[in-house]
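Q: Can you walk me through this one? I have a few quick questions.

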Amino acid sequence: MTRRPVKVVITYCTACGYESQALELAGALMRGLRTELASLELVPWHDGTFDVVVDGELLHSMLRDGGFPDDPDTIIAAARERGWG
Amino acid sequence: MADQFQISADRFASGMTYEQYKTQMTQRRDEFEANERGWEIDPDDLAAFCALAQPLNVLVLDEDWCDDGCWMLPILGRLAAESGKLSIRIFLRDQHPDLMDQCLNGAFRSIPVFVFLDANFKELGRFIERPASITRLREDGLRWVMEMRPEFRIFETSPALASEQQREQVMLLVRAFASQYAPLLRREVVRDLRMIVERANTQQLLSEIIATFPSPSETQA
């Protein structure tokens, strides 16, 4: 099996001031996934959003799961699983 | 009402004045000050604030990045400046979790929060985030959009799943909606704050009348 780089989208609520959490998670994913990351998109949004999508799959949703992702390593591990081709 | 808000006079006095808050703003100050201008307070609404027998203390919890705060706090600021009857002290939410946790919006630390307090720091009423009527209008707006363009239901799951084009289209709708409802928003905020002040005036009136009654011990004698 070969690894395929993954596309990550982080959507964060600017009205709630979630910029720092988005940057923190983005940094952790960049350091953790390095070249396994095809792209990392940061999308400013509203309505209390803090969501993480990897290759079109919603891995974390503030609305659905509550709060921020507990641990960036969980997102990194899930992203790696999806990157196995 | 939720539990009475607890704060000492010294702690209240340690908060920022409205002008001090504006001075320390690092984000959105231009937008904040633009929201102070370009509208008038209805004279009848202002009269209700001017009619206060004694000035009220108003504790505010906010952060300068907050969208709702950028709309609501300038309205409170104008009411305070024009009535001369509101003493505002502002605390940053993230630096004062003990104050914030007395005003939770369900499970959320929603801001802005305005807590109206009498001269003895007894709570008279509170305003959290935005008027309920505006929240309902926002929900209606969202429902209308979903009915017209069912593909936008993807946003109910997550905007992160939508395409860039869909996100641009929705942001266009959100901005149009916000500019459309700005005058209504101001009226509704003033109305909610006026209701708190009218309650304070009524309470004051009743206590003044009751003070003229003989005490129960005198009546029994």
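Q: Which residue does R167(B) form a salt bridge with?
A: Its partner is E41(A). The closest N and O atoms are 2.9 Å apart. Keep in mind that this is a predicted model.

Q: How many salt bridges does the rule find across the interface of chain A and chain B?
A: It finds 2.

Q: And how many residue pairs are in polar contact between the two chains?
A: The count is 4, with both residues at pLDDT 80 or more.

Q: Which elements of chain A give two or more residues to the side that touches chain B?
A: Four strands do: β1 (6-13), β2 (37-45), β3 (50-54) and β4 (57-61) of chain A. The largest share comes from β2(A), with 3 residues.

Q: How do the residues on that side of chain A divide into nonpolar, polar and charged?
A: There are 8 nonpolar, 7 polar and 3 charged.

Q: What about chain B? How many of its residues are in contact with chain A?
A: Chain B has 16 residues in contact with 18 of chain A.

Q: What area is buried between them?
A: About 1,200 Å². Carbon and sulfur atoms give 63% of that.

Q: Why quote an area at all?
A: The size of an interface is often given as the accessible area lost when the parts come together.

Q: New topic: the largest nonpolar core. Which residues touch the most other members?
A: They are L73(B), L76(B), L86(B), F114(B), F116(B) and L193(B). The core has 39 residues.

Q: Which elements give two or more residues to this core?
A: From chain B, the helices are α2 (18-24), α4 (43-50), α5 (67-83) and α9 (164-211). The strands are β1 (56-62), β2 (86-92), β3 (113-117) and β4 (123-128). The most comes from α9(B), with 9 residues.

Q: Zoom in on L73(B). What does it touch, not counting residues up to four places away in sequence?
A: L73(B) touches Y18(B), Y21(B), F32(B), V60(B), D62(B), I90(B) and F114(B).

Q: What does the second, separate core include?
A: That core has 22 residues, including V6(A), L37(A), F50(A) and L59(A).

Q: Last one: R31(A). Where does it lie?
A: In helix α1 (residues 19-33) of chain A.

Q: Buried or exposed?
A: R31(A) is exposed, because its relative accessible area is 62% and the cut-off for exposed is over 50%.

Q: How far apart are R31(A) and H46(A)?
A: They are 15 residues apart in sequence. In space they are 27 Å apart, C-alpha to C-alpha.

How values were computed. Residues are numbered from 1 along each chain as its sequence is written. Chains are lettered from A and ligands numbered from 1 in the order in which they are written. This is a predicted model: local features need pLDDT of at least 70, side-chain atom pairs count only at pLDDT 80 or more; totals for chains, interfaces and linings use all residues. Side-chain values use heavy atoms; hydrogens and water are left out. A nonpolar core is a set of buried Ala, Val, Leu, Ile, Met, Phe, Trp, Tyr and Cys residues joined through side-chain atoms within 4.5 Å. Buried means under 20% relative accessible area, exposed over 50%, partly exposed in between (1.4 Å probe, protein chains only). Contact means heavy atoms within 4.5 Å. Buried area is the accessible area (1.4 Å probe) that two parts lose on being put together, summed over both. A salt bridge is a side-chain nitrogen of Lys or Arg within 4 Å of a carboxyl oxygen of Asp or Glu. A polar contact is a pair of N or O atoms within 3.5 Å; within protein, one must be able to donate a hydrogen and the other to accept it, and residues adjacent in sequence count only if both atoms are side-chain atoms. Ala, Val, Leu, Ile, Met, Phe, Trp, Tyr, Cys and Pro count as nonpolar, Asp, Glu, Lys and Arg as charged, and the others, Gly among them, as polar.
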